[in-house]
Amino acid sequence: MRRALRDNGLSLFFLALFALALAGQSIAGFFRNNSELLDHGMPAIGFGEFVTSSDFLVDVAENWQSEFLQFFLFIAATIWLVQRGSPESKKPGDEGPGDDADQRIGAHADPRSPRWVRVGGWRTVVYGNSLLIVMGAIFLLSWLAQSLGGLVVMNEENAMHGTAAITWLDYVVSPDFWDRTLQNWQSEFLAVGSMVAFSIYLRQRGSAESKPVGVPHHVSALESE
Amino acid sequence: MPVDEETAGMRSMFWTWMTIIIVGLAAMILVPLSGR
């Protein structure tokens, strides 16, 4: 049991933080939403009704999509782009998908390689891009969810103000949709870009996200190993 | 157990996160489609 907790501590730590933050968001959002309903002379709703409403879920979705977009772009961009000196990057000259020997595929697979690598063919191609495929799919589906939830919320507000309901196609070109989208994207790109640049010159002793403290500034991730 | 063996814990972490995301996405898509 202690061994399992230690082996999976990083995933479990973030699982606990995720659960706490989502619970906190739902409670704060519940009070904020009821306050707005009362301001408009409408009756308050229950907690269960709130957490199964578009009002709550659109706020969750807009943050999910931007996080998964961030990782999708980071995974894709680090195939072809480098930052000399960053532990988040391959070293200059190593751009590209790598050859079969580096990737341990084809004739270079060994009996302990994942099964879809050993079988070859299209399954090896799919498996070789599976992280990008899954992160991209989650991004697109959560962005779709944001648009659907945002539409319901906007039409509820339109009904409150006596204006006509709009369609999904109207909503995805509306300022509300793009305001929700881009306010999240800008912060993700800021955080990723600054992490890449700061990690050239700054260190955190013991962190997998940092170069070892004494490694020179010009050394990128794979060179330092 | 050697430290380089795959463990049940690794698999359960993968499927725990995958389940959270699939259930979350399903809820976030189906709830607005139901008009709530």
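User: Why does A:Met195 count as partly exposed?

Analyst: A residue is buried with 20 or more other C-beta atoms within 10 Å of its own, exposed with 12 or fewer, and partly exposed in between; the C-beta atoms are placed from the backbone. A:Met195 has 15 C-beta neighbours inside 10 Å, so it counts as partly exposed. This is a predicted model, where local features need pLDDT of at least 70, side-chain atom pairs count only at pLDDT 80 or more, and totals for chains, interfaces and linings use all residues. Residues are numbered from 1 along each chain as its sequence is written, while chains are lettered from A and ligands numbered from 1 in the order in which they are written.

User: Where does A:Met195 lie?

Analyst: A:Met195 sits in helix α10 (residues 175-201) of chain A. Helices here are DSSP runs of H or I with at least four residues, strands are runs of E with at least two, and both are numbered from the N terminus. The C-alpha atom of A:Met195 is 13 Å from that of A:Ser207, 12 residues apart along the chain.

User: Why is A:Arg104 called partly exposed?

Analyst: A:Arg104 has 15 other C-beta atoms within 10 Å, so it is partly exposed.

User: How many residues of chain A are in contact with chain B?

Analyst: Two residues are in contact if their C-beta atoms, placed from the backbone, lie within 7 Å. By that test, 20 residues of chain A are in contact with 14 residues of chain B. On chain A's side, α1 (2-7), α2 (9-39), α4 (54-80) and α8 (130-160) each give two or more residues. The largest share, 9 residues, comes from α8(A).

User: What classes of residue make up the side of chain A that touches chain B?

Analyst: That side has 12 nonpolar, 7 polar and 1 charged residues. Ala, Val, Leu, Ile, Met, Phe, Trp, Tyr, Cys and Pro count as nonpolar, Asp, Glu, Lys and Arg as charged, and the others, Gly among them, as polar.

User: What makes up the largest nonpolar core?

Analyst: A nonpolar core is a set of buried Ala, Val, Leu, Ile, Met, Phe, Trp, Tyr and Cys residues joined through C-beta atoms within 7 Å. This one has 25 residues, and those that touch the most other members include A:Phe68, A:Phe139 and B:Met28. Two or more residues come from each of α3 (47-51), α4 and α8 of chain A and α1 (8-33) of chain B. α8(A) gives the most, with 11 residues.

User: How do you know that this core lies between domain 1 and domain 2 of chain A?

Analyst: Domain 1 (1-52) and domain 2 (54-224) both give residues to the core, so it lies between them. The domain bounds come from an automatic or database domain assignment. The domain centres, taken over C-alpha atoms, are 24 Å apart. In contact are 6 residues of domain 1 and 4 residues of domain 2.

User: What is listed for residues 12-33 of chain B?

Analyst: An unreviewed UniProt entry lists them as "transmembrane region". Such annotations may be inferred rather than shown by experiment; feature names are shortened, and positions follow the numbering used here. In the model, this span is 100% helix and 0% strand, with its end C-alpha atoms 31 Å apart. Chain B has 1 helix and 0 strands. Of its 36 residues, 8% count as buried.
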